[in-house]
Amino acid sequence: MTEQCVIRLRKNEERRLKAGHLWVYANEIDTRHTPLKDLSAGACVVEDSRGKPLGRALLSPHSLIAARLYSRDVKQELSRSFFKKRIEQALSLREQLFDVPCYRLIFGEADGLPGLVVDRFHDVLVVQTGSGAMEAHLDVIVSALDAVLAPTHIIAKNEAAAREIEGLERYTKALKGELLNEVSLTENGAKFVAPLAEGQKTGWFYDHRAARQKMQALAKGARVLDVFSYCGGWGVQAALAGAESVTCVDGSEIATDYVHRNAELNGVADTVGSIQGDAFAAMKQLIADGEKYDLVVLDPPAFIKRKKDFKNGLAGYHAINELAMRLVKPGGYLVSASCSMHMPAERLLDVVHSSARHIDRSIQVVGYEGQGPDHPVHPAIAETSYLKSWFCRINFPL
């Protein structure tokens, strides 16, 4: 693709970009002037309907989000210098916020690098490229990361199904150093190991860091159930906060193995147990067994991945929250989370409230957390604010 690539918008479709948004949808492009099907993934200039330049973007001609602005300067190339400056800017934020170098270093659009995610695990960087244009510049990105941070390892973990829309292969490979099976990290003072090759996303979910910190006050002396526990991010930190006992539930045998490894790593192996199996089935069995908990944490995967999934996903959130509430002791607590960007925070609270009413309970909201500050929100892009956790006290009728 040449540097002269230009896409022109239809009339009045530039308003969102001028208001600060970065995305151009395929149906906003004047395809008679710039036929998308003839273009390849890469950098391009975006113009309004009159031919006035609006900025420079990453083009994904086969995607619904056809272009993502990375600079308002139409001459800004995707050079090593450009990436280095953006990485340094992102790093300065994280270094101010965190004492330990374990965090999301690059969060796509919110850090001015659409389609790029980088998680840092001490001296190991795990990279995800979510667009053909970013993929094409991966060598430059690696060179810039190496110049700024000089990590021992840089690993590409590109296994997301969405890559197929861009015509990209799915793979995991080392870009610097050898390929690792797992990564080590510290979060809220707790030490963890997480699977890389066989793990989810980049191996760990840093986004719930603030919510896990808030949860610790409720965990002291409590009997805790951590549902969809993955490697024990919530459960192990609950145990460290002084929980009487913790039971972690996850469908993955690999994940539950890591729960026990992480419990042992933090000296709480005697406090943490696990159930490996389907979360819905496990919770139904615990209800049948008459189990009750002081604190239940629900951190499910995204039940609503696309807008058209909303109705079925909403039913899933209702079902799982109702099951969770049946396992909470009178006066106990529920932490109900969702990572579905199509599920607004207020709607999730409605789900928790209506689930409580359905089984003759009431709730008191005692806290709320979104994603941690290493996942900053772009104010013009609602999709960058995707994570929500409601902290609720569950009351029984008197």
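The legends below describe close-up views of a predicted model.

**View 1. Strand 3 and its two partners, strand 1 and strand 4**. Strand 3 covers residues 42-47, and six of its six residues are buried. Strand 1 (residues 6-8) runs parallel to strand 3, and three bridges join the two. Within this pairing, V6 stands opposite V45 of strand 3. Strand 4 (residues 53-59) runs antiparallel to strand 3, and here the number of bridges is six. One of the paired positions is G42, whose bridge partner in strand 4 is L59. In general, strands of a sheet pair through backbone hydrogen bonds, and the pairing is either parallel or antiparallel.

**View 2. The turn between strand 3 and strand 4**. The two strands form a hairpin, with five residues between them. In the turn, G51 has a positive phi of about 90°.

View 3. K157 has T172 in strand 10 as its bridge partner.

**View 4. Aromatic rings of F82 and F83**. A search of the whole structure finds 12 aromatic pairs. In the pair of F82 and F83, the ring centres are 5.4 Å apart and the planes lie at 65°, so the pair is edge-to-face. Both F82 and F83 are buried. A pair of aromatic rings is described by two values, the distance of the centres and the angle of the planes.

**View 5. An aromatic cluster**. F228, F280, F303 and Y317 together form one cluster of aromatic residues.

**View 6. Charged ends over aromatic rings**. The charged end of R361 sits over the ring of F396, 4.0 Å from the ring centre. The charged end of K214 sits over the ring of F391, and here the distance to the ring centre is 6.0 Å.

Methods
Residues are numbered from 1 along each chain as its sequence is written. This is a predicted model: local features need pLDDT of at least 70, side-chain atom pairs count only at pLDDT 80 or more; totals for chains, interfaces and linings use all residues. Side-chain values use heavy atoms; hydrogens and water are left out. Buried means under 20% relative accessible area, exposed over 50%, partly exposed in between (1.4 Å probe, protein chains only). Helices (H or I, at least four residues) and strands (E, at least two) are DSSP runs, numbered from the N terminus. Two strands pair if DSSP finds at least two bridges between them. Rings of Phe, Tyr and Trp (its six-membered ring) pair if their centres lie within 6.5 Å; planes under 30 degrees apart count as stacked, over 60 as edge-to-face and the rest as tilted. A charge sits over a ring if NZ of Lys or CZ of Arg is within 6 Å of the ring centre and within 35 degrees of the ring normal.
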